[in-house]
Amino acid sequence: TCPDVGRCVGAYATIRIVLLAIFSIVTFLLIELWKKDYLGGSMPDTPAVVDSLYVFLIYYILLGINQIATHTFDALGAVAKVHVPAILDLIVRVSFIIYVATTAFGSRPEGPALLASAYAAGMIASTLLVAFLMSTCKISRPDKATLVKYIRSLAPVFVVSMIIIVDLYLDKAVIGYFWGEHELGLYFGVQKMAIFVSVFSLAVATLILPSVTTYFTRKDVAASWDVVNQAERYVSLIVIPTAAFYLMYGTDILRVFLSGEFPGSVGTMDLLVIGSTVLALVLPLRSAIAGVGSHRTLFWVGVVGLALQLVLMLFLVPDGVAGFDMLGMKGLGAAVALLITSVYYFFTLRYMAWRTAKILPNSRSFKHIVGAITMIGAMYVVDWLIIGPIDWIALVVLAVVGLVSYSLASYFMGELEASDYRYFRSMLNQHDTFEYVVNELLGKRAQ
């Protein structure tokens, strides 16, 4: 709780802007050192690459400013004001990318920088909208006591967030540094296709955090167990069949939705999908650990995981480091490193969730694996008997067959019930969602 909301918002904005300034200066200096070849590496310092880096620097500065508002809305419970600007960002960015990629601009030397500008354009639109929405929020100049209180309370969260951010981009940085833009592009493309496996679990983990925190504050351990175990069940129910579909039709997915150059990297995508699945199954447990206030635990888990990932990356990805021969596995080596790190997180987070929150493992994933095997069998039969050459329509048909067969298998095993159907239907209630969003944006949301 905060006695003066305006002063607390001002304190958060001040801290955020200072950190953004430090980040911007450090990043700008690193770009300049790289341009002067002090950092080495295989990435070419062409005008298009340099311009793209500057554009993304602007993007992340705007993102940081944007998040001052969206985090404030999130703290105030204004969910629509958090997500509507993100949707606008997505619409503008994708429209810009499609325009550049399908016109003569995409084939020009400055094409990569123009594609990077799509991210900045989307973020500019989103920032303008959040600035308008933020105009009704009171912001006051913070005093020293409020600033000190915020710094002390946010320091653990900031450190954990930094570890997560470094963990997200470390693989791309290592591949780009040692192998250049071509291998980085192949890896980044297949990783973007595989990322859908973990999107649902991340959303669920984010949604359950307030509930878990509330129950642990009330010392209602049983209720917190129910929330986390239900989240684990829904994540497993969705993620495992999604991963199975990717593993079965990975080559076709890459060929249809990317290009003929990417199917050769299907092994990399398979490992990334498996690693994402393993990690996704325990993401709700991270929320449980955060919910009991054990940020120190998450910090040390993250530090060890990051160190393990870095060591594995340096051993598996490059041909050599400091005169020592390495395995030179390129993107495949990065995928292996991420898979091993995911296994580490799986067992460590399970143990820490039991130790800090007394949450026991949920073993229902075995039923979901059986359902996924049934799904694979049904898709194989349909593919063999009916489907010819696989295009995007065939992939959609096979996905529908997989969904129906998996749902039936889960129902007969008792993993899908009428309550689950009602729950997912309520999540997809478009009329109520639209009405809620409009009322919140117009300031008519019921308190």
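The protein chain folds into 15 helices and two strands, taken as DSSP runs (H or I of at least four residues for helices, E of at least two for strands) and numbered from the N terminus. This is a predicted model, where local features need pLDDT of at least 70, side-chain atom pairs count only at pLDDT 80 or more, and totals for chains, interfaces and linings use all residues. Residues are numbered from 1 along each chain as its sequence is written, and side-chain values use heavy atoms, with hydrogens and water left out.

Of the 447 residues, 40% are buried; buried is under 20% relative accessible area, exposed over 50%, partly exposed in between, with a 1.4 Å probe and protein chains only.

Now the cores. A nonpolar core is a set of buried Ala, Val, Leu, Ile, Met, Phe, Trp, Tyr and Cys residues joined through side-chain atoms within 4.5 Å. The largest one has 48 residues, and Tyr249, Met269 and Leu398 have the most contacts inside it. Helix H7 (221–257) is among the elements that give two or more residues to this core, and H7 gives the most, twelve residues. Leaving out residues up to four places away in sequence, Met269 touches Val190, Met193, Ala194, Tyr246, Gly250 and Leu254, a contact being heavy atoms within 4.5 Å.

Next, helix H12, residues 365–385. Its buried residues include His368, Ala372, Met375 and Met379. Down the axis of H12, the buried residues fall within an arc of 110 degrees, so they line one face; the arc is that of the directions from the helix axis to the C-beta atoms. On the other side, Phe366, Ile373, Tyr380, Trp384 and Leu385 are exposed.
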